[in-house]
Amino acid sequence: MTATKVEVSERLPPRDRIIVAARDLFYRHGIRAVGVDAIAEAAGTNKMTLYRHFDSKDELVAEYLRGLAMEKHDVWSALETANPDDPRAQLEAWLVEAARNVSDPKSRGCALANAAVELPEKGHPARCVIEQCKQDGRGNLAALCRKAGAQKPELLADQLFMLLEGALVCTQSTGHSGPACNFIEAGRAIVAAHLR
């Protein structure tokens with residue numbers, strides 16, 4: 001793969017530039033397709049600097065995914081802040097946010113799920129990051145379903161979780177006008193069936 005220049009501010013410290021460049025390249029091209037030379041070039045640095053901050057490409061991948069996991073955590077906090085003491089409104093806001101991600105024309109699906117496909121080795125340092133983030137997301141959804149009054153909150157969370165995961169994959173294979181464009185309606189129907 002030839003290096004692609006990534007929009008990276010020269011004012012950022014080298015470590016941050018490397019993470020920004022890696023994030024863009026990994027998401028657009030895939031983790032396995034991007035080498036450290038391309039990341040260093042896109043970050044406006046060199047391999048020696050990259051290895052000074054990260055022991056290996058695998059460690060850089062894990063750090064990239066930890067950043068994504070923190071962003072997902074921040075989304076949950078924002079949903080609660082925007083709709084305090086109203087779990088049903090938070091659940092609706094989650095559906096709207098998820099639908100926005102599903103319908104984003106720049107989306108290549110869930111970066112964590114994509115990474116899981118590329119990194120099947122259980123011992124890879126990024127695997128635990130992926131698995132923990134997915135478990136946390138499902139756990140947050142179950143807690144929200146419980147607060148919203150679902151009689152079977154775990155089941156509702158599982159249905160919504162699988163709907164989102166499937167919709168994100170579906171957009172990659174059938175496009176944004178395929179079945180995934182019905183995500184929010186399907187999600188609302190599932191929620192309505194549980195919150196009567």
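Asparagine 114, once its neighbours within four places in sequence are left aside, is in contact with Tyr27, Arg108, Gly109 and Gln172. The model is a predicted one, and in it asparagine 114 belongs to helix α6, which covers residues 111-118. With a relative accessible area of 18%, asparagine 114 is buried, because buried means under 20% relative accessible area.

**Helices α1 and α4**

- Helix α1 (residues 14-29) and helix α4 (residues 57-82) have axes that come within 10 Å of each other and cross at roughly 85°, so the two helices are roughly perpendicular.
- On the side of α1, the contact is made by Arg15, Ile18, Ile19, Ala22, Arg23, Phe26 and Tyr27, and Tyr27 is also one of the residues in contact with asparagine 114.
- On the side of α4, the residues that make this contact are Lys57, Leu60, Val61, Glu63, Tyr64, Leu68 and Glu71.
- Sorted by class, the contact of α1 with α4 has nine nonpolar residues and five charged residues, with no polar ones.

**Cysteines**

- The structure holds zero disulfides, and a disulfide would need a pair of cysteine sulfur atoms within 2.5 Å.
- For cysteine 133, the nearest cysteine sulfur is that of cysteine 110, which is 7.4 Å away, and cysteine 133 is in no disulfide.
- Cysteine 133 is also buried, as its relative accessible area is 9%.
- Cysteine 170 is likewise in no disulfide, and the nearest cysteine sulfur to it, belonging to cysteine 181, is 8.9 Å away.
- The relative accessible area of cysteine 170 is 17%, so this residue is buried.

Technical notes: Residues are numbered from 1 along each chain as its sequence is written. This is a predicted model: local features need pLDDT of at least 70, side-chain atom pairs count only at pLDDT 80 or more; totals for chains, interfaces and linings use all residues. Side-chain values use heavy atoms; hydrogens and water are left out. Helices (H or I, at least four residues) and strands (E, at least two) are DSSP runs, numbered from the N terminus. Buried means under 20% relative accessible area, exposed over 50%, partly exposed in between (1.4 Å probe, protein chains only). Contact means heavy atoms within 4.5 Å. Axes are lines fitted to C-alpha atoms, for helices over the stretch in contact, and angles run from 0 to 180 degrees between N-to-C directions. Angles under 35 degrees count as roughly parallel, over 145 as roughly antiparallel, 65 to 115 as roughly perpendicular and the rest as oblique. Ala, Val, Leu, Ile, Met, Phe, Trp, Tyr, Cys and Pro count as nonpolar, Asp, Glu, Lys and Arg as charged, and the others, Gly among them, as polar.
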